[in-house]
Amino acid sequence: MTIPADHLRAAFSDRLSDLYRREVPAYGTLLDIVAAINGDDSGTRLGSERHGAIRVGQPSELRDIARLFGAMGMHPVGYYDLSVAGLPVHSTAFRPVAAESFAISPFRMFTSLLRPAMIADDELRAKTLDTLEGRDILPERGRELLEKAESDDGLRESAAHDFVDAAVSVFAWRPRARVGLALYRDLLDVHRLIADIVSFQGPHMNHLTPRVKDIDAAQGAMRDAGLEAKDIIEGPPTRRCPILLRQTAFKALSEQVEFKTPDGWESAAHTARFGEIEQRGAALTPKGRALYDECLARAKRSDRDHDRAMADAFADFPDDWEALRASGLAYFGANGHALTYEDFLPVSAAGIFRSNLRSADDGFGAGHGDQAGFERAMGRECLDMFALYAADAA
Ligand code: OOG
Ligand code: NI
């Protein structure tokens, strides 16, 4: 019997969580907080739901990742242009698409690709490309098993186990850098994100995010547990009928990295990896999403404090299920419940990236999106999230 892609994904998600708990102990604290708040729902989809985030440096890596995730039933949905927030990356989210697949494992991976063209300094851009060249993020055994998974044979039990092992290893933290300390520091000076993407052996997990029922409660509990939480929760304000996605994170930890020198290794600290939590609400239609974006823009123009500005800006966004349905703002399924938003939000994602960058990393200015370029690099198109929700809606 071959193991179905949905089951490979479920095993992969659990194994990543075990790994991250060992690598980033504060993530374990976060899981305890979330389990306490989710209570009885811990045994349902909510209890095992999480997303991860990774960053890759070049098209060949994005293609490998797309194949690897494809074998686990995760497909690229949506295009996120982070250059509008001054970040030299663009992204998609690999996730299941069918309701039955979500029921088995809703694991998603937010995946960003470096945009070297946004590095203005010619010499540093050339060095970045040089450094990335030849980096191969898939272990040989992983590549063989991937080919098998993609073939008609599929993977039987023990090969499936090895495949998940190999897939997990791609995203593990490897403390030996591929670059010397001087180049690392040059890259860090240009942008912390670039240093994180270029300097290492592979695309280590940047964070892992359990889903919580009540993010306001979780934010308070994070502070009580001594985790340095972000000042604000990204996304819509607290509401009776939750919509889209709300997120918060704790500050990155400092990890020792070894850098090559002419006569051995020297170590220095790298700060990038953290934990995040999310609360998911209803998927909005294009009309609902346009209203959300408008409210968000209004809040941004306000000179009141964040919570006040958000509450004011969203005051007219209907907050009962009947009104959301009647006005065509949210998607509803055949059972009468709103469909869950399974994707991400570009402004929130920028806030999550930013929470662990410096103000000096804002120097890129606004750019433009390049979805066609991203898709060319990936060798696949990004699926349209609205079409997917519409197909599931009653
Ligand atoms: C990804 C940041 C975006 C989210 O949940 O919106 C993200 C990253 O830091 O690589 O994960
Ligand atoms: Ni995230």
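1. Of the 394 residues of the chain, 54% count as buried, where buried means under 20% relative accessible area, exposed over 50% and partly exposed in between (1.4 Å probe, protein chains only). This is a predicted model, in which local features need pLDDT of at least 70 and side-chain atom pairs count only at pLDDT 80 or more, while totals for chains, interfaces and linings use all residues. Residues are numbered from 1 along each chain as its sequence is written, chains are lettered from A and ligands numbered from 1 in the order in which they are written, and side-chain values use heavy atoms, with hydrogens and water left out.

2. On overall dimensions, the radius of gyration of the chain is 21 Å, which agrees with the value near 21 Å for a compact globule of 394 residues. That radius is taken over C-alpha atoms, and the globule rule is 2.2 Å times the number of residues to the power 0.38. Along the principal axes, the C-alpha atoms fill a box of roughly 65 × 60 × 45 Å.

3. The secondary structure consists of 16 helices and 10 strands; helices (H or I, at least four residues) and strands (E, at least two) are DSSP runs, numbered from the N terminus. Among the contacts with a separation of 6 or more, 75% are between residues 24 or more positions apart, contact meaning heavy atoms within 4.5 Å.

4. Strand β10 (residues 274-280) is largely enclosed by the rest of the structure, because seven of its seven residues are buried. In a regular strand the side chains alternate between the two faces of the sheet. In β10, Phe274, Glu276, Glu278 and Arg280 point one way, and Gly275, Ile277 and Gln279 point the other.

5. Two strands that pair with β10 may be considered next; pairing requires that DSSP finds at least two bridges between the strands. β6 runs parallel to β10, with two bridges: histidine 207 has phenylalanine 274 as its bridge partner, and leucine 208 stands opposite glycine 275. β7 pairs with β10 in the antiparallel sense over five bridges, and leucine 245 has arginine 280 as its partner there.

6. Strand β6 (residues 207-210) is itself buried at each of His207, Leu208, Thr209 and Pro210, with His207 and Thr209 directed one way and Leu208 and Pro210 the other. Strand β1 (residues 50-56) is joined to β6 by four bridges and runs antiparallel to it. Leucine 208 of β6 is the bridge partner of glycine 52.

7. Most residues other than glycine have a negative phi. Leucine 244 has a positive phi, near 50°, and is buried, with a relative accessible area of 0%.

8. Serine 254 belongs to strand β8 (residues 254-261). Beyond its neighbours within four places in sequence, serine 254 is in contact with Ala269, His270 and Thr271.

9. Glutamine 371 lies in helix α15 (residues 371-378) and is partly exposed, with a relative accessible area of 34%. Not counting residues up to four places away in sequence, glutamine 371 touches Tyr79 and Cys382. Its C-alpha atom is separated by 30 Å from that of methionine 310, 61 residues away along the chain.
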